[in-house]
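Welcome! Here is a friendly briefing to read alongside the structure. Please take a look at the sequence and the model, then follow the points below.

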Amino acid sequence: MPKPLSSSQIFLQGLWNDNPVLRQILGICSTLAVTNLLVNTLVMNAGLIFTVCMSSLTVSILRNFTPMRIRMMAQTIIIASYVIIVDIAIGAYLPDISEALGPYVGLIITNCIVMGRCEAFARNHRPWPSFVDGLAMSLGYSAVLLIIAVIREPLGFGTLFGYRIMPEGFTPWTIMIMAPGAFFTLGLFVWFLRAKFPQTAEEKKQGL
Amino acid sequence: MKKRLYSIVFMFVLTFCFAAVVSAVKVYNEERMETNRQVKLQKIILQVLSVPVGDKATNREVLQTFERRVKTIEVKKQTLHVGYSEDGRSITGYAFPVGGAGFWGPVYGMLSVDPEASKIVGIAFYRHSETPGLGARITEPWFTKQFKGLPLFPMEGDKKIFYLKPAGPGKGPNELDAITGATGTSRAVEAFVNRDLDRFLRETWKLVKKG
């Protein structure tokens, strides 16, 4: 049994040292898909935070009863159930956003971060630390998505939260609306942060 | 053997519990989701029939306005929403669904014509999966407004009721601006709206005229 981590250590891991998007390059699919409008990004983040926290908690509670061989199957059904609940909730209470997000809410099921945390952390830690880990990791993911969306929405639509912020004559950058725009933004962002704050020996050697 | 049986029982119980919870949530929200769907469609129908509904209108207001101003009938399997004037005496237009394959997925829209079926009153697209900022601009007013007043006639040969051409001064009233950067979506819209309009004029309209 590894030495138990304190909550603040777990938070530091999720938000910075082991940030799922920046350091582990996980959850890229949704990062590319939903970050062209801030409102959509926020709803997506809320959905993911709920799913990761609840799945980690559930997997952790059941960790001593779950047979090793079928643990992935069990995790999948747990994750899928929470995601469907999120999908129904958004469809019932935020119909417009549900429309805009289309299939991406359902695709949280396949977001590597969710099952990644169940496998890597929740299945051999106690419930509370697992919940905190899920929260920290999904907040780390959300933070990166929000930053990307704050860059993409003004350049692609000329707006921020739907309010016009760019000058009248500004020509929107169509590429920023599409997935390639997210590729460039994310790539530059990850490169910048890793070069500025290197963690591995190799990153230190290369620098900015 | 015992282990294997335990795995099966475990999975069964787990699935059962989670399926029960998900079903309960679904059943609990079903009515609300159904109302959302219905109100959304009614709002679109009212909009294309040029019946004013506020953006902030509550679900109940929309349902009431719809009840008062619109009657839905079936004509040879084609759903037709008949719009009535404020006093309910005269018909202001007919709305019917249009739709087809877009660039990424199906596009659903609603179109309305005046009581003589001589021109378009309004069009709106309400469900699609086109690219935001490009094909998804088919829902924007500048695009849908162009259709207003478009003269209608049954298609003959290759001649279409309207064309979507690159933005610029059109040659006639039936040349509308396509969406720059969304050629695929524009072509698809041109194709299925023309097709559905033609079908309406040829089949449904004749029956409506007869009564």
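## A first look

Read along the sequence, chain A follows the pattern α-α-α-α-α-α-α-β-β-α-α-α, where helices (H or I, at least four residues) and strands (E, at least two) are DSSP runs, numbered from the N terminus. The radius of gyration of chain A is 18 Å, close to the 17 Å that the globule rule gives for 208 residues, so chain A is as compact as a globular protein of that length. That radius is taken over C-alpha atoms, and the globule rule is 2.2 Å times the number of residues to the power 0.38.

This is a predicted model, in which local features need pLDDT of at least 70 and side-chain atom pairs count only at pLDDT 80 or more, while totals for chains, interfaces and linings use all residues. Residues are numbered from 1 along each chain as its sequence is written, and chains are lettered from A and ligands numbered from 1 in the order in which they are written.

**Chain A as a whole**

- Chain A has 10 helices and 2 strands.
- Its C-alpha trace spans about 60 × 50 × 25 Å along the principal axes.
- Of the 208 residues of chain A, 41% count as buried; a residue is buried if 20 or more other C-beta atoms lie within 10 Å of its own, exposed if 12 or fewer, and partly exposed in between, with C-beta atoms placed from the backbone.
- Among contacts in chain A between residues at least 6 apart in sequence, 75% join residues at least 24 apart; two residues are in contact if their C-beta atoms, placed from the backbone, lie within 7 Å.

- Helix α3 of chain A covers residues 38–61, and its 24 residues reach 34 Å from the first C-alpha to the last.
- That span is close to the 34 Å expected at 1.5 Å a residue, the expected span being 1.5 Å times one less than the number of residues.
- α3(A) is mostly covered, with 18 of its 24 residues buried.

**The sheet of chain B**

- Chain B holds an open sheet of 5 strands in the order β1-β2-β3-β4-β5, with antiparallel pairing; two strands pair if DSSP finds at least two bridges between them.
- β1 (70–75) and β5 of chain B stand at the edges, each with a single partner strand, so one side of each is left without a neighbour in the sheet.
- Neighbouring strands of this sheet are turned by 25° against each other on average, direction ignored; the axes are lines fitted to C-alpha atoms, for helices over the stretch in contact, and angles run from 0 to 180 degrees between N-to-C directions.
- β2 (residues 78–84) and β3 (residues 91–101) of chain B pair in the antiparallel sense over 4 bridges, and His81(B) has Ala95(B) in β3(B) as its bridge partner.
- β4 (residues 106–113) of chain B runs antiparallel to β5(B), and 6 bridges join them; here Tyr108(B) stands opposite Arg127(B).
- Why is β5(B) described as largely enclosed by the rest of the structure? In this strand (residues 120–127), 6 of the 8 residues are buried, so the rest of the structure largely encloses β5(B).
- Helix α1 (residues 2–48) of chain B lies across β1, β2, β3, β4 and β5 of chain B, and runs at about 155° to β5(B).

**The loop between β4 and β5 of chain B**

- The hairpin of β4(B) and β5(B) has 6 residues between the strands, and Ala117(B) there takes a positive phi near 55°.
- Asp114(B) also has its place in the loop between β4 and β5 of chain B, and is partly exposed, with 17 other C-beta atoms within 10 Å.
- Not counting residues up to four places away in sequence, Asp114(B) touches Gly93(B), Lys119(B) and Val121(B).
- The C-alpha atoms of Asp114(B) and Thr92(B) are separated by 6.3 Å, with the two residues 22 apart along the chain.

- Most residues other than glycine have a negative phi.
- Ile25(A), which is not a glycine, has a positive phi of about 50°, and lies in the loop between α1 (7–17) and α2 (28–34) of chain A.
- Ser50(B) has a positive phi near 60°, and is found in the loop between α1 and α2 (59–69) of chain B.

**Where the chains meet**

- The contact takes 22 residues from chain B and 23 residues from chain A.
- On the side of chain B that touches chain A, the residues divide into 11 nonpolar, 8 polar and 3 charged; Ala, Val, Leu, Ile, Met, Phe, Trp, Tyr, Cys and Pro count as nonpolar, Asp, Glu, Lys and Arg as charged, and the others, Gly among them, as polar.
- Asn29(B) lies in helix α1 of chain B and, leaving aside its neighbours within four places in sequence, is in contact with Ile88(A) and Ala92(A).
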